[in-house]
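User: I'd like to learn how to read aromatic ring pairs in a model. Can you walk me through it?

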Amino acid sequence: MIQAPYSSAAVVREAPAAPSRSIRFYQALFAVNMLMFSTLLVALAALLLTPYTSLTPLDAETIRAAVQSRLDETVDDPLVEAAPGVFVRSSNIRGFRLNGEVYYYYIEGERNFDPLSRGAVDDNDVEIVLRDTDRHFPLVVYRMRE
């Protein structure tokens, strides 16, 4: 049997401890990271979810007024039969021409007969130019993409 020297007086040296940081430092660092991340997320969402339109505010107001004049019968817009026993404004089915462009509209929450509501065109075929949420039921105005 091999005998190894044994000494009970062996000294074990401890490594110096890492400087202790308080838990509040890590909480503050986490809060700053979350604040930066959420700000970036909100900015990206605003950029990606805001529809692009080439209309100026004056054009948008002109289109809004044109649709409103058709809805409140200020402009002669005859009623046509969209379905058996259902009569709607001609502009709701065929759109209306303004400054050389044909615009279509629908009112969310109501029965509509415009091409998009009827399924005659796809969402990718239209460009939404105005969404008026100041009403009880939002008004959406669009035109066909070229």
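This is a predicted model: local features need pLDDT of at least 70, side-chain atom pairs count only at pLDDT 80 or more; totals for chains, interfaces and linings use all residues.

User: Got it. So what describes a pair of aromatic rings?

Analyst: Two things: how far apart the ring centres are, and the angle between the ring planes. Here, searching the whole structure turns up 5 aromatic pairs. Take Phe25 and Tyr26: the centres sit 5.4 Å apart and the planes make 75°, so this pair is edge-to-face.

User: Are Phe25 and Tyr26 buried, exposed or partly exposed?

Analyst: Phe25 has 40% relative accessibility, so it counts as partly exposed. Tyr26 gets the same label, partly exposed, because its value is 45%.

User: Which kind of pair do Tyr104 and Tyr142 make?

Analyst: A stacked one, because the planes of Tyr104 and Tyr142 are at 25°, with the centres 5.6 Å apart. Planes under 30 degrees apart count as stacked. The pair also ties together parts that are 38 residues apart in sequence, because Tyr104 lies in strand E4 (residues 101-107) and Tyr142 in strand E6 (residues 139-144).

User: And how does the burial cut-off apply to Tyr104?

Analyst: Its relative accessibility is 13%, so Tyr104 counts as buried. Tyr142 is at 0%, so that residue counts as buried too.

User: Which residues do ring pairs link into a cluster?

Analyst: Phe96, Tyr103 and Tyr105. Let's look at Phe96, which belongs to strand E3 (residues 96-98). With 4% relative accessibility, Phe96 counts as buried.

User: Now zoom out for me. How many helices and strands does the protein chain have?

Analyst: There are 4 helices and 6 strands, running α-α-β-β-α-β-β-α-β-β from the N terminus. Of the 146 residues in the chain, 28% are buried.

User: What share of the contacts joins residues at least 24 apart?

Analyst: That's 46% of the contacts between residues at least 6 apart in sequence. As for the accessible surface, the chain has about 11300 Å², with 59% of that belonging to carbon and sulfur atoms.

Notes. Residues are numbered from 1 along each chain as its sequence is written. Side-chain values use heavy atoms; hydrogens and water are left out. Rings of Phe, Tyr and Trp (its six-membered ring) pair if their centres lie within 6.5 Å; planes under 30 degrees apart count as stacked, over 60 as edge-to-face and the rest as tilted. Buried means under 20% relative accessible area, exposed over 50%, partly exposed in between (1.4 Å probe, protein chains only). Helices (H or I, at least four residues) and strands (E, at least two) are DSSP runs, numbered from the N terminus. Contact means heavy atoms within 4.5 Å. Accessible areas come from the Shrake-Rupley method with a 1.4 Å probe; for residues, only the protein chains shown count as cover.
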